[in-house]
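Please look through the sequence and the model shown here, and then follow the account below, which moves from a pocket to the elements around it and on to the aromatic pairs.

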Amino acid sequence: MMIRSLLRRQLASTCTRSLHQIIQRDTHLPIPTNDVFIITPDVAPVLECLDFKELQTELQKRGSGGVVRGTFVINGVGAGNKKMNKVRGVTAFSEKIQERTILAVCESASHEVALSTGATLCLDPVDIGKISDGEVNIDEFESVVCTSACLKALSGVARILKAKMPHPRKGTVHATIGNAIRASLLNVEWEMTESRNHPDFFNIEVPLFKADFPVTTMKDHVKIMFDDIHKYRPAKMESETFVTRVELNLEEGDPIHLDIREYEAAYTKQTEVAALKRQYSREETRELRAKAKDKQGYLDKEREKIANFLENRWETVMKD
């Protein structure tokens, strides 16, 4: 039964890929927004990819000051035609991308700090009952944060909070309420979703940066997202082809495709360095490092060897 299932899946994948090729070749349809349509290079259209300076010029030309959403297209099939599992994560960006409504649970002495940092409403641990009574509507808040000391008080309303329940992994629980609010404003949760057009790919959609951000911040946010996605890359998958495409979308206008060659090259270099390191044992690595430190001593020894060789050679010539 397992063999039949695998054969059916492989046949369906082959047929789907062939169908995509026929449609692409005969009708010249563009690649659909936010997704992979085809990966065969001989029939896929050439996408115009912009670097960050060109991207900034294009955003200024469009006159948009809103949030730019990024779609990272992930190759989900590695060695042995094995598909990776879908994952979800939390990425901490360097700049705030959008405003959020935040409910802060902390002691009354910290309410002023919480409100000045960015909280929408503060709630004392003794007033948690207002959530279960409906006096405080959780649906009005995008995020709930608390201090470590107040986390236990929220356990009684965990079923009401559901996905908004504070958790250290999300960065919504900190020793101080100010740090919890700042983390909530900078952190973005994401998850892989199945590609609508190809069974071998996943999509990750996140708010990436504002259209009026400087180029350095745009680069920083894309690199942070690349690094976080690669943390979940299976070991047998090639790093340079794991993220196949990055597409940027605004509220209006056509999507923009980002040039990601510098990131692919960076991960390729990291892979080569890691492979080179694996060729040596720990003891051999230490020995090489010791030799590198004693460079002058190594050169002196080599000079001595050359001098001895020339002297012996000269004596042999004179005897002859």
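**From a pocket to the strands and rings**

Helix H6 provides the largest share of the lining of the second largest pocket, namely 4 residues. The model is a predicted one, in which local features need pLDDT of at least 70 and side-chain atom pairs count only at pLDDT 80 or more, while totals for chains, interfaces and linings use all residues. Residues are numbered from 1 along each chain as its sequence is written, and side-chain values use heavy atoms, with hydrogens and water left out.

The second largest pocket holds about 360 Å³ of space, a volume being the space filled by probe spheres set on grid points that are joined across faces, edges and corners. On a 1 Å grid over the protein atoms alone, a pocket is an open set of points where a 1.4 Å probe fits, with protein on both sides within 12 Å along at least five of seven lines, and lining residues have an atom within 4 Å of a point. Of the 23 residues that line this pocket, Arg-100, Glu-142, Ser-184, Asn-187 and Glu-189 are the closest to its centre. E6, H6 and E8 are the elements that give two or more residues to the lining; helices (H or I, at least four residues) and strands (E, at least two) are DSSP runs, numbered from the N terminus.

Helix H6 (residues 177-186) is mostly covered, with 7 of its 10 residues buried, where buried means under 20% relative accessible area, exposed over 50% and partly exposed in between, with a 1.4 Å probe and protein chains only. The buried residues of H6 are Ile-177, Gly-178, Ala-180, Ile-181, Ala-183, Ser-184 and Leu-185, and they pack against E4, helix H3 (111-117), E6, E7 and E8, contact meaning heavy atoms within 4.5 Å.

Why is strand E6 described as largely enclosed by the rest of the structure? In E6 (residues 143-147), 5 of the 5 residues are buried, so the strand is largely enclosed. Ser-143, Val-145 and Thr-147 point one way from E6, whereas Val-144 and Cys-146 point the other way. Strand E4 (residues 102-105) pairs with E6 in the parallel sense over 4 bridges, given that two strands pair if DSSP finds at least two bridges between them. E6 is also joined by 2 bridges to strand E7 (residues 173-174), again in parallel. Cys-146 stands opposite Val-105, and in E7 the bridge partner of Cys-146 is Val-173.

The structure also holds 2 aromatic pairs. Phe-72 and Phe-226 form an edge-to-face pair, 5.8 Å centre to centre with 75 degrees between the planes; rings of Phe, Tyr and Trp (its six-membered ring) pair if their centres lie within 6.5 Å, and planes under 30 degrees apart count as stacked, over 60 as edge-to-face and the rest as tilted. Because Phe-72 lies in strand E2 (residues 67-75) and Phe-226 in helix H7 (residues 215-230), the pair ties together parts that are 154 residues apart in sequence. Both Phe-72 and Phe-226 are buried. The rings of Trp-190 and Tyr-232 have centres 5.7 Å apart and planes at 90 degrees, so this pair is edge-to-face. Trp-190 in strand E8 (residues 187-191) and Tyr-232 in the loop between H7 and strand E11 (243-249) are 42 residues apart, and the pair links distant parts of the chain. Trp-190 is buried, with a relative accessible area of 4%, whereas Tyr-232, at 35% relative accessibility, counts as partly exposed.
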